[in-house]
Amino acid sequence: MDYALYKGRSYRGVISTGFGYYFAFFRQFFKATWRWALLFSVLFAAWAMLMAVRLPAVTATVMHEELVAQVGLQSSTAQQYLWTAGGIVLLALLCLVAGVLVAVKVLKRMNLLQKDQQEDLPRGWMKVLRQLIRPRYWGLLFMTLLLGGMILCILASICCLPVIILAVAHFLAQEGQLNGDPLGMPGYISSLSAITFFVTGFILLYLCMPMLMWLYYVYGSAVSFEREKSQLTNLNPPT
């Protein structure tokens, strides 16, 4: 497959070339990002544990105090709820930062790979963004992100099925405890959930990486179209 950056492509060509480029050089990307990916996975697992395990438990306590015991919300419970909510927000921001660092590593590796092909690379990613936000390329960018996003959403949904099942199980267990039923979750379920969330975060991060390649090739297609237009203008100057 031709992985040249500056080549006119349709949105389907951008997506197929981006996928091909990603899988062809996956080992290179993995070597450059696996440490940061592990950090992201740890943060994601901690965030998911708060969302799926800690938050339902605290919520069940709040509902028990207000609805069952019919007493005012205790200060300790309110502090637990606030600390849990704050931890969720903080870990989400840290996950975002770790994801951005992984993206930077991937982009640097892509630049090195393109230099091996002796192509004239863009100087700075602000130039790439300025090219992408031009209205004439919104259609190509929109269709690429729409179709590619649908593909990634399907893959991510399949990847997240264990997480969803465990989250629902924790919620139902806490609801049953609120209604007076014994907590029917085995003791190892927390460790199993943490491991599942960690692996899922690691896989999800690498599932989303092709999005960077698509933006890269959308930029290359836009520059290629500009060059072709300039050449046609030079060959047929206005009279």
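About 340 Å³ of space lies in the largest pocket, with the volume taken as the space filled by probe spheres set on grid points that are joined across faces, edges and corners. A pocket here is an open set of points on a 1 Å grid over the protein atoms alone, where a 1.4 Å probe fits and protein sits on both sides within 12 Å along at least five of seven lines. Rolling a probe the size of a water molecule over the atoms shows where empty space is left. The structure is a predicted model, in which local features need pLDDT of at least 70 and side-chain atom pairs count only at pLDDT 80 or more, while totals for chains, interfaces and linings use all residues. Residues are numbered from 1 along each chain as its sequence is written, and side-chain values use heavy atoms, with hydrogens and water left out.

The lining of the largest pocket runs to 18 residues, and F40, C95, G99, L205 and C208 are the ones nearest its centre; a lining residue has an atom within 4 Å of a point. Two or more lining residues come from each of α2 (26–68), α3 (75–116), α7 and α8 (210–235). Helix α3 gives the largest share, with eight residues.

As for the fold, the chain has eight helices and zero strands, so reading from the N terminus simply gives α-α-α-α-α-α-α-α. Helices (H or I, at least four residues) and strands (E, at least two) are DSSP runs, numbered from the N terminus. Of the 239 residues, 38% count as buried, where buried means under 20% relative accessible area, exposed means over 50% and partly exposed is in between (1.4 Å probe, protein chains only).

In helix α2, A37 counts as buried because its relative accessibility is 0%. A37 and G201 are 164 residues apart in sequence, yet their C-alpha atoms are 8.6 Å apart. Helix α2 also holds R54, which is partly exposed at 36% relative accessible area; its C-alpha is 10.0 Å from that of I88, 34 residues away along the chain. V104, in helix α3, is partly exposed too, with a relative accessible area of 36%. From V104 to T33 the C-alpha distance is 9.3 Å, across 71 residues of sequence. Over in helix α5, L140 is buried, with 14% relative accessible area, and its C-alpha is separated by 9.2 Å from that of S221, 81 residues along the chain.

Aromatic rings pair up 17 times, going by the rule that rings of Phe, Tyr and Trp (its six-membered ring) pair if their centres lie within 6.5 Å; planes under 30 degrees apart count as stacked, over 60 as edge-to-face and the rest as tilted. One of these is F202 with Y206, whose ring centres are 5.2 Å apart and whose planes meet at 55 degrees, so the pair is tilted. The two are four residues apart in helix α7 (residues 189–208), and therefore about one helical turn separates them. Both F202 and Y206 are buried.

I158, found in helix α5, counts as exposed because its relative accessibility is 55%.
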